[in-house]
Amino acid sequence: MPKMSIFFIVFISIFYIVGFVILASGLNSLNQANAAKHWPTTSGIMEDVQFITDNDSDGTTYEVRAKYLYRVQGVSYEGDNISFGYNAGSGLVAHQQIYEKLKSAKKIEVRFNPDQPSQSTLAYGATRSHFIMLTFGATWLLFVIGFTILVFMFGQTDAGLLSRLIVLE
């Protein structure tokens, strides 16, 4: 195998790994979010809700951060997970809506993992964040696959063209 081919395989493998890690992370988050649907619930007290705006050279992102208290079998816990997969993003309206819903909440429903009560969430199921992450991961992998095919094709001869070339003299 030529040096360029080995270099290309190592180089492109990094991009495949990144794509599969993104997909695996999105699927893991989605599985947790769906599992939380069947977790027991308890009432909780909203301790703090903040709307965070972060401006940097890449643009502006928004995030809602919440802290809540809840009790399971007489033991107090503090949680901060709004939903598995929820994170900062550039969609101002979506984050404002979450903030508006939580900012005046005093009591909230908290879902907790029965095997690990310190793990909790306020919402369950698939969200916009899951679809964004899964779509991004799939798009990334499709691009890398397409790029790999292009590199492979550029390295091939054009047998069809050669077979139809007729040299008379």
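This report walks through charges, aromatic rings, loops and surface patches in a predicted model.

## Salt bridges

Start with Arg65 and Glu63. Their side chains meet in a salt bridge, with 3.5 Å from N to O. Arg65 is partly exposed, at a relative accessible area of 44%.

Next come Glu100 and Lys103. This salt bridge spans 3.1 Å, N to O. Both residues sit in helix α2, which covers residues 92-103. They are three residues apart, about one turn of the helix. Glu100 is partly exposed, with a relative accessible area of 45%. Lys103 is partly exposed too, at 45% relative accessibility.

Arg111 has 10%, so it counts as buried. The cut-off for buried is under 20%.

## A negative patch

Some charged residues form a surface patch instead. Which residues make up the negative one? They are Glu47, Asp48, Glu78 and Asp80.

Take Glu78 from that group. Glu78 is found in strand β3, residues 75-79. Its relative accessible area is 47%, so Glu78 counts as partly exposed.

## Aromatic rings

Now for the rings. The count of aromatic pairs comes to 11. Why is the pair Tyr70 and Tyr77 called stacked? The ring centres are 5.5 Å apart and the planes of Tyr70 and Tyr77 meet at 25°, so the pair is stacked. The cut-off for stacking is under 30 degrees. Tyr70 is buried, with a relative accessible area of 2%.

Ring pairs also build a cluster. It links Phe7, Phe11, Phe15, Phe136 and Trp140.

## Two loop residues

Where is Lys37? Lys37 lies in the loop between α1 (3-35) and β1 (41-56). At 47% relative accessibility, Lys37 is partly exposed. Compare its position with that of Gly19. Lys37 and Gly19 are 18 residues apart in sequence, and their C-alpha atoms are 28 Å apart in space.

Gln73 sits in another loop, between β2 (59-72) and β3. Its backbone deserves a look. Most residues other than glycine have a negative phi. Gln73 is not a glycine, yet its phi is positive, at about 50°. Is Gln73 buried or exposed? At 80% relative accessibility, Gln73 counts as exposed. The cut-off for exposed is over 50%.

## A nonpolar patch

The surface also carries a nonpolar patch. Leu142, Ile145, Ile149, Phe152 and Met153 form this patch. Together they have about 520 Å² of accessible area.

Where does Ile149 lie? Ile149 lies in helix α3, residues 128-154. Ile149 has 47% relative accessibility, so it counts as partly exposed.

Technical notes
Residues numbered from 1 in each chain as written. Predicted model: local features only at pLDDT ≥ 70, side-chain atom pairs only at ≥ 80, totals over all residues. Heavy atoms only, no water. Salt bridge = Lys/Arg side-chain N within 4 Å of Asp/Glu carboxyl O. Buried < 20%, exposed > 50% of the residue type's maximum accessible area, 1.4 Å probe, protein only. Helix = DSSP H or I, 4+ residues; strand = E, 2+ residues; numbered from the N terminus. Patch = residues over 30% accessible without salt bridge, like charges linked within 9 Å, V, L, I, M, F, W, Y side chains within 5 Å. Areas by Shrake-Rupley, 256 points an atom, 1.4 Å probe, with all protein chains shown as cover. Lys, Arg positive; Asp, Glu negative; His and termini not counted. Charge placed at Lys NZ, Arg CZ, Asp CG, Glu CD. Phe/Tyr/Trp six-rings, centres within 6.5 Å; stacked < 30°, edge-to-face > 60°.
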